[in-house]
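Thanks for coming. I have one structure to show, and I will keep it short.

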Amino acid sequence: MNQSKRVRQEIEKRCHQLFEHQSDDGAWHYCFEGALMTDAYMIILLRTLNLDEGTIIRKLADRLRRQQQTNGTWQAHPDEPSGNLSATTEAYMALLYSGYVDQTEPAMKKAAAYIRAQGGLKKTGVLTRLFLAMNGHYPWPILPVNPAIVVLLPAISPVDFYSLSSYARAHFAPALLAIEHQFSKTSQWTPDLNHLNKKGLRSDQQNDYWPEIQTLSHGTRDRRSFFSNLKDEWYKLNQLPNNLKTKPDRWIEDYILSRIEPNGTLLNYASSTFFMIYGLMAMGYAASSPIIQKAVDGLKGLIWDANDAYHVQNSPSTVWDTGLISYTLLESGIKQDHPGLLKAADYLLNHQQQKYSDWAIHAPKAEPGGWGFSPSNTLHPDMDDTQTVLRTIEHYAKQHQAYHTAYQEGVHWLLSMQNSDGGWAAFERNTDQYFLALLPIKHMRSAAIDPATPDLTGRTLQYLGKHLQLDDNHPKVKAAIKWLKQRQEGNGSWYGRWGVCYIYGTWAAVSGLASVSTGQSNAEAIQRAVKWLTTIQNEDGGWGESCRSDVSKSYVPLSQSTPVQTAWAVDTLIAASEKSHRVIENGIHYLLNATNVTEEATNDPTGVGLPGQFYIRYHSYQYIWPLLALAHYYNKFGKN
């Protein structure tokens, strides 16, 4: 049997498999498996609030124990060379809180020794130290002014609260309340972590445990100048009369309460919801208050239960998965009137977001119309989900008025969210003030701002070209192409912010450029990317990239190929090629023989939340991307 026929058969088999996985509500529900942080924080929260949730705690603790390495550490991703300090600290602490593990066990002794050898709690990441402080294990910094006053900085200041990315604001706001009130909460379950702390801490040494504060005044000239101006504004606000100094508290409280989703979570993130609970308790909310109890219930609703193994998803990926799968099935030749696709389209239609929210601050002329990542997300649409859903519902827009209206609203929202620089970001427009990268916090550039990225810009371009038939003569397309080409790496690749990493970014950028190009306008940039991809193909025909690329900001190969990254690379080459060639054929051969791929390669994370800390294994991706690559191969080369 020739390869083309094998591809067609494989497409049919994989489509059938996906329909078998579809739920009665029309959606596809797969696990969004993130960092162990959410599992650890859930254990700690439940014990700190003295909630009777022994089953949840035990199952989460069992999962943490299974993830521990033989050297006693926990990792942020599977090929992290020597463990991860923040992850190890969070897992170690959570297991002690659980009550099911004793610190005298050999594996726990190894973990404690590793933490001390790496510099102790002081060397953990900022989010980890904040959570340690909220639970009484770490000193709060002593600041000369109320840190919460930063939310009152006017828009004319060097930075104001809405200069931060939407996800940074959701975590930063409740943390400010905890810092301001020096709040911590303990319970009968709180373990003693003094064996991990620096000995003999004095009150005048508290800021030594927050090196970021020291760096503000001892950093580079640019950093000192920027923060000198910021502190001037800060001090001015601190001179307000005492009756106005409570205003930041109330402002932050209102900010938080108005962004609580119907399920009780803050913007539907588990991580921000943990911080919200402690922040509200710092304001005087009782643990038994309805808001906090609903937040805990919302967190429990994020638990994924597969074969009795629990994991607290940071934000379920149901809308994203359903949009991607629907589009992939349509590309694979499934008719739009297929009952499964009709149910999926109806599900997606019902999850369009119709509320004004934070995105309108930087895009005041835009009307609602985007889609978010999760079904319980009603306030936080994003570009990638929106363009993905639009690819599906356009098929129904001509026959049904509801779809037509939703489609037009979605297109207008997406186009209105283009940055002034020509690119597209993840959540909002023009939240890309790069001076915030001067904040002396590791990976702050990835967390504090939401700039345009090659992956999001490329995928949006690909939608505009393939589905709206816009080309490089259109002003918005022209601006995006210019932005993309300016950010191509010297080796021909592009960096992808939300996937791992250079293969992902290159796939998105080339797919976008190829779909909007007329003549040979972008041929040179595309061919440079093709050449780079060709040079990194593995002997088995596949591709594989390590999460370490994300930290080093340079391509780092994985020790083996992965089906997902191979699919991205093959799909890139298909988009860039007029006819198939050996490199493509070898990649297709790898995908057709994916049954021989190791479990490790299938399970390797290919999504990124926060570089160096939060990586994602989308359980849906092994079904989506290889099928899409096979479909594109067959549609372009196989039919002939």
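I will go from the whole chain to the core, then to one helix, and finish with the strands.

A word of caution before the details: what you see is a predicted model. The protein has 640 residues, and 61% of them count as buried. In secondary structure, there are 27 helices and 5 strands. The exposed surface comes to about 25,000 Å², and carbon and sulfur atoms supply 50% of that.

Now the interior. In soluble globular proteins, nonpolar side chains tend to be buried together. Here the largest nonpolar core holds 204 residues. Within that core, the residues that touch the most other members are Tyr92, Phe131, Ile256, Phe274, Ile503, Trp543 and Trp625. Which element gives this core its largest share? That is α27, with 11 residues.

Helix α1 covers residues 3-21, which is 19 residues. From its first C-alpha to its last it reaches 27 Å, close to the 27 Å expected at 1.5 Å a residue. Its buried residues are Ser4, Val7, Glu10, Ile11, Arg14, Cys15, Leu18 and Phe19. For the spacing in that list, recall that an α-helix has 3.6 residues a turn, so residues three or four places apart point the same way. Note that the list includes Glu10 and Arg14 as well as Val7 and Ile11. What do these buried residues pack against? Their partners are α13 (318-331), α14 (339-349), α25 (582-592) and α27 (621-638).

That leaves the strands. Strands of a sheet pair through backbone hydrogen bonds, either parallel or antiparallel. Strand β2, residues 303-306, and strand β3, residues 309-312, run antiparallel and are joined by 4 bridges. They make a hairpin with 2 residues between them. Ala306 stands opposite Ala309 of β3, and Asn307, in the turn, has a positive phi of about 55°.

The other sheet to point out is open, with 3 strands in the order β1-β5-β4 and antiparallel pairing. Which strands sit at its edges? They are β1 (32-33) and β4 (607-610), each pairing on one side only. Between β4 and β5, residues 614-618, there are 3 bridges. Gly607 has Ile616 in β5 as its bridge partner.

That is what I had; I can take questions now.

Key: Residues numbered from 1 in each chain as written. Predicted model: local features only at pLDDT ≥ 70, side-chain atom pairs only at ≥ 80, totals over all residues. Heavy atoms only, no water. Expected span 1.5 Å × (residues − 1). Buried < 20%, exposed > 50% of the residue type's maximum accessible area, 1.4 Å probe, protein only. Contact = heavy atoms within 4.5 Å. Core = buried A, V, L, I, M, F, W, Y, C linked by side-chain atoms within 4.5 Å. Pairing = 2+ DSSP bridges. Areas by Shrake-Rupley, 256 points an atom, 1.4 Å probe, with all protein chains shown as cover.
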